[in-house]
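I opened this notebook page to keep track of what I looked up in one structure, going feature by feature. The entries follow the order in which I went through them.

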Amino acid sequence: MQFKEVVGQRPTKELLIQLAKEHRVPHALMLIGPPGNGKLGLALAFAQYLNCKNKTEIDSCGVCSSCLKYKKLIHPDLHFTFPAGDDLCR
Ligand SMILES: [Zn+2]
């Protein structure tokens, strides 16, 4: 997913891109918010951007080998973690 596909979240997109440009990406980020606010899309777009071989100033290219793997959710550096119990979701 590319940043341009994420609806809204402009300040967060700009912050994430700035972190990448300045080589200040923390080892972990937690994106929180109500359901449907684009957290997952933003996380995917940021991961794709970080690994893109031809990124621009504002987005990943969407066509390099890395981007295509992210698009198919098969990039070896892409991992998903989900809550495992009811009490973790409250
Ligand atoms: Zn790319």
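**Entry 1: charged pairs**

I began with E22, which forms a salt bridge with R24, their closest N and O atoms lying 2.6 Å apart. The model I am working from is a predicted one, and I read every value below as computed from it.

I then asked how many salt bridges a search of the whole structure finds. The search returns three salt bridges, and I looked up the other pairs in turn.

One of them joins the side chains of E57 and K21, at 3.0 Å from N to O. Because E57 sits in the loop between α2 and α3 whereas K21 belongs to helix α1, this pair ties together parts that are 36 residues apart in sequence. I recorded E57 as exposed, with a relative accessible area of 56%, and K21 as partly exposed, at 39%.

Another is the pair of E14 and R10, whose side chains meet in a salt bridge of 3.2 Å, N to O. Both E14 and R10 lie in helix α1, and they are four residues apart, about one turn of the helix. For accessibility I wrote down 46% for E14, which is partly exposed, and 60% for R10, which is exposed.

As a reminder to myself, side chains of opposite charge can pair when their charged atoms come close.

**Entry 2: helix α1**

Since two of these pairs had brought me to α1, I went through this helix next. Helix α1 covers residues 10-21, 12 residues in total, and its first and last C-alpha atoms are 16 Å apart, close to the 16 Å expected at 1.5 Å a residue.

Which residues of α1 are buried? I found K13, L16, I17, L19 and A20 on that list. Seen down the axis of α1, the buried residues fall within an arc of 155°, so they line one face of the helix. The face turned away from the buried side carries the exposed residues R10 and P11, and the cover over the buried residues of α1 includes α2.

**Entry 3: positive phi angles**

Q9, in the segment before α1, has a phi near 60°, a positive value in a residue other than glycine, and at 25% relative accessibility Q9 counts as partly exposed. Just after α1, H23 takes a positive phi of about 55°. In the segment after α3, L73 has a positive phi of about 60° although L73 is not a glycine, and L73 counts as partly exposed at 46% relative accessibility.

**Entry 4: the zinc ion**

Which protein atoms are the donors of the zinc ion? I listed the SG atoms of C52, C61, C64 and C67, which lie 2.2 to 2.3 Å from the ion. The angles that these four donor atoms subtend around the zinc ion run from 101 to 119°, which makes the arrangement tetrahedral. Along the chain, the donors follow the spacing C-x8-C-x2-C-x2-C. I took C52 and C64 as a pair that links distant parts of the chain: each is in the loop between α2 (39-51) and α3 (65-71), and they are 12 residues apart. Both C52 and C64 are buried.

Last, I looked up D77, which is placed in the segment after α3. From D77 to L19 I noted 58 residues in sequence and 19 Å in space, C-alpha to C-alpha.

Technical notes. Residues are numbered from 1 along each chain as its sequence is written. This is a predicted model: local features need pLDDT of at least 70, side-chain atom pairs count only at pLDDT 80 or more; totals for chains, interfaces and linings use all residues. Side-chain values use heavy atoms; hydrogens and water are left out. Donors are N, O and S atoms within 2.8 Å of the metal (3.2 Å for Na, K and Ca); water is not among the atoms, so sites may look incomplete. Four donors count as tetrahedral if all angles lie between 85 and 135 degrees; four count as square planar and six as octahedral if opposite donors are over 155 degrees apart and all others between 65 and 115; anything else is irregular. Helices (H or I, at least four residues) and strands (E, at least two) are DSSP runs, numbered from the N terminus. Buried means under 20% relative accessible area, exposed over 50%, partly exposed in between (1.4 Å probe, protein chains only). The expected span of a helix is 1.5 Å times one less than its number of residues. The arc is that of the directions from the helix axis to the C-beta atoms. Contact means heavy atoms within 4.5 Å. A salt bridge is a side-chain nitrogen of Lys or Arg within 4 Å of a carboxyl oxygen of Asp or Glu.
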